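Let's take a friendly walk through this protein together. Have a look at the view below, then read on.

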Amino acid sequence: SVVGLKPTYGLVSRYGLVAYASSLDQIGPITKDVRDCATLLNLLAGHDERDTTSIERPKVDYTAALKNDVKGLRIAVPKEFFGEGINEEVKTKLEEAIAKYKELGAEVEEVSLNVAEYALATYYIIACAEASSNLGRFDGIRYGHRAEKGERLRDIYFNSRSEGFGPEVKRRIILGTYVLSSGYYDAYYKKAQKVRTLISNQFNEVFANHDVILTPTSPTTAFEFNSKSSPLEMYLADICTVPVNVAGLPGISIPCGVDSKGMPVGMQLIGNKFQEETILNAAYTFEQATNFRANYKPEFKK
């Protein structure tokens, strides 16, 4: 039931962030509403010479973009993001949101954008490969946790990483090391980078005729702790959001309703590069028209 923004890659400095996947990492605000999100982005955005990926751009007041008007806004709805694997209740709430945008004067058109089919695999190959490289510095000597036991250098490395990294981090390091290893680099990492370019090109084609792309944030609403039986099930929960990271685009998630269990449904609005103002206004206009937070009364069960 919160608003989350992932800015365009390079808009916000990552100085001080623990590097996970350097070509994907980006920092953004998570807030109560869209106005707070725009206010925080005003503080976060800007060039930083300490981050080589930080891009120098004119200063923007993102709160000034909140005009509560989407008349003439061209919204693309990719049919592939509403297909198999998307919960029916999530689809229903997204369809209601699309109807609301039409009512507010936006122009909505269904398009084909089959990046979701390839983006998940591409993301996890690139992210794990870069994580394997970045997290290598956490050796118990220069960075991170240091184990108390260990007489030899090899023992310090082994024990520190065994104690300091959790199961999922270890899993991703192993996957990343594998795809970067001799004989597999071209088959996996290099190919994933080529697919990444194709994904970016597909987004560019859609943005040639549209201002915003509307998708679910997640295939389902939030699930209970330990309810997923395998890592793959967890990874599939990212299927709607990782294409935005792979292409380096800005995306905002806002609540657009609740399911039968009372859990909030997330709607994702994706913009072209450095078009945060567009998606913030689109999100703000929907938020003002539906007043979700005033009507959302969660029940916390012990």
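## A parallel pair of strands

Strand S3, covering residues 74-78, runs parallel to S4, and five bridges join the two. One of the residues to look for is arginine 74, whose bridge partner in S4 is glutamate 107. Keep in mind as you explore that this is a predicted model.

Strands of a sheet pair through backbone hydrogen bonds, and the pairing can be parallel or antiparallel.

## The whole sheet

Now zoom out. S3 and S4 belong to an open sheet of seven strands, in the order S2-S1-S6-S7-S5-S3-S4, and the pairing is mixed. Strand S2 (30-31) and strand S4 (107-111) stand at the edges with a single partner strand each, so one side of each has no neighbour in the sheet.

## Helices across the strands

Helix H1 (residues 34-44) lies across strand S1 (3-6), S2 and strand S6 (251-258), and its angle to S1 is about 35°.

Helix H9 (residues 276-290) lies across S1, strand S5 (212-216), S6 and strand S7 (264-271), running at about 15° to S6.

## A buried aspartate

Is aspartate 48 buried or exposed? Its relative accessible area is 11%, under the 20% cut-off, so aspartate 48 counts as buried.

What does aspartate 48 touch, leaving aside its neighbours within four places in sequence? Its contacts are Ser13, Tyr15 and Ser54. Within the local stretch of chain, a polar atom of the aspartate 48 side chain lies 2.9 Å from the backbone nitrogen of arginine 50.

Terms used. Residues numbered from 1 in each chain as written. Predicted model: local features only at pLDDT ≥ 70, side-chain atom pairs only at ≥ 80, totals over all residues. Heavy atoms only, no water. Pairing = 2+ DSSP bridges. Helix = DSSP H or I, 4+ residues; strand = E, 2+ residues; numbered from the N terminus. Contact = heavy atoms within 4.5 Å. Axes fitted to C-alpha atoms, helices over the stretch in contact; angles between N-to-C directions. Buried < 20%, exposed > 50% of the residue type's maximum accessible area, 1.4 Å probe, protein only. Polar contact = N/O pair within 3.5 Å; in protein donor to acceptor, adjacent residues only side chain to side chain.
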